[in-house]
Amino acid sequence: MISFVPTICTYCGTGCGILLIVKDGSVVGARPWPEHPINQDKLCIKGWNVDEFIYHEDRLKKPLVKEGDSFKEVSWEEALKLVAEKLGEAKDKSGPDSVAFLASARCTNEENYLLQKLSRAVIGTNNVDHCARL
Amino acid sequence: MKNYNKVIQDIVRSMLEAGLVEEVVAFGQDPASVDILPLFITEPQDAEKVVAISYYPCSLAKLVALYGDKDKKTGMVLRPCDARALVELAKRQQVNLENIYTVGIECYGVVKDRAGNNEIYVFPGDMEIDGESKPLDEDMLAPGCLRCEYPIPTMTDVSFRLEPKGEVSVTANTEKGKEILSAAKISSTEGSPTDISAIKERAARWQEQDFGELMKMEPGERLKYWLSQFDKCIKCYGCRNSCPICYCSDCYLEPGRMLIEGEEMPPEKLFHITRLMHVGDSCVNCGQCEAACPMGIPVSKLYHMLYKELSPLFDYEAGFDLDSLPPVSSIRDEDLLKTGVELD
């Protein structure tokens, strides 16, 4: 059973349409979504191979916290609590501008909006940038 | 208007119902979407999604070779270029033609894109857009189609002709084709074959125009032209990924395969010249490489032009006879001597 599932490439903010090729419940390939208005049946090398990371052994599926030289799997609740604590600590000790936020071109506009909101309204710094400028 | 699709849907449905095939590969529209996508159909009721619109965004032969099951009885609804690609893939042991039942649509060209998701049918001298008949606008057709001289899928089991005003005629070309038509309870239409002189004339005119302007150049100038085109390449590998003749699962152009170091990119000139050497002798002019190119390199023109040079030289027509092997694998020393090549 093979089907072609239209979706949007997750690699960058361009938003190209792709068809994920799904065989017996697993993604086996990707190709351009022919009539998508953004990419019009074309893709870059990342888009053509966007399916490769889905089942990659290096893919992170759970939050990890560093303990000494190794990482430990923790729950989302635990991980977020730790991040909040550390950010609060840095802000209290060295001021809001001691913290910077790096957003991602792989997230949606809305997620990036929320990140700058967190940075400006919660922490109180304008130190916001994104990976596409690094 | 819907009659065009109805007959082909009836054929697909009856192939599945009669158990002739387990799966049919065709282009279709999901009721929830206007987009035309490749479909692998297993349920007879899904046959109503199949469309015969003159728009053909990728090679189904390539998809079947990559993702299909060689042991599964498979039906396919193909354009002539794709049917030829299927024959070429069979020569290269990538598909098992014994298990494939093919229904070919006579094709006078497909449109580059469907602005406004129109329902478009192209005929030799005119076209029908959303039920309205218009004179043929050559600018709307894909460049490869304008150069195409093979509108009739003689190599498929059943060939299928759409005519203006919704007329459809169907012909069985093989024993398997007769099985398909008897399953669908359709009788083969005995009629005059399509007059393809207008298509031949158009192909000759466009080949003259497209290749002529290149052949006018001095060899050095022509090389410079192509090298400057290759300079635009961003190495998306889209041409290779869309090409139905490019079949190697372990491609020579991938890094770490002797030619290119691991994690390196191939130099642009080498990339295209390697691909040209591998597929140039068997190009079926489907135009998928050029359609996939984000940089607008006229790659299909290059492959088609080389094919047209090699074809008479080696007396080889790609995509028709299963027993005639591509020149690259069947060439002998004396053939090379004939062409003026000096052997060591």
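## A covered helix in chain B

Start with α3(B), where the buried residues are P80(B), C81(B), D82(B), A83(B), R84(B), A85(B), L86(B), V87(B), E88(B) and L89(B). That makes the helix mostly covered, with 10 of its 12 residues buried. Keep in mind that this is a predicted model.

What does the covering? For the buried residues of α3(B), the cover includes α2 (60-67), β3 (74-78) and β4 (100-105), which belong to chain B. As for its geometry, α3(B) runs over residues 80-91 and spans 17 Å from its first C-alpha to its last. At 1.5 Å a residue you'd expect 16 Å, so the computed span is close to that. Just past the end of the helix, Q93(B) adopts a positive phi of about 60 degrees.

## Where the chains meet

How many residues of chain B are in contact with chain A? There are 20 of them, and they meet 20 residues of chain A. On the chain B side, three elements supply at least two residues each: β2 (36-41), α8 (238-242) and α10 (288-292). Of these, β2(B) gives the most, with 4 residues.

By residue type, that side of chain B splits into 13 nonpolar, 3 polar and 4 charged. If you're planning to look at the contact, β2(B) is a handy place to begin reading, as the element with the most residues on the chain B side.

## A three-stranded sheet in chain A

Over in chain A, 3 strands make an open sheet, ordered β1-β2-β3, with antiparallel pairing. Which strands sit at the edges? Those are β1 (2-8) and β3 (26-32) of chain A, each of which pairs on one side only. On average, neighbouring strands in this sheet are turned by 30 degrees against each other, ignoring direction.

Zooming in on one pair, β1(A) and β2(A), the latter covering residues 17-23, are joined in the antiparallel sense over 7 bridges. Within that pairing, P6(A) stands opposite L19(A), a residue of β2(A).

Technical notes: Residues are numbered from 1 along each chain as its sequence is written. Chains are lettered from A and ligands numbered from 1 in the order in which they are written. This is a predicted model: local features need pLDDT of at least 70, side-chain atom pairs count only at pLDDT 80 or more; totals for chains, interfaces and linings use all residues. Two residues are in contact if their C-beta atoms, placed from the backbone, lie within 7 Å. Ala, Val, Leu, Ile, Met, Phe, Trp, Tyr, Cys and Pro count as nonpolar, Asp, Glu, Lys and Arg as charged, and the others, Gly among them, as polar. A residue is buried if 20 or more other C-beta atoms lie within 10 Å of its own, exposed if 12 or fewer, and partly exposed in between; C-beta atoms are placed from the backbone. Two strands pair if DSSP finds at least two bridges between them. Axes are lines fitted to C-alpha atoms, for helices over the stretch in contact, and angles run from 0 to 180 degrees between N-to-C directions.
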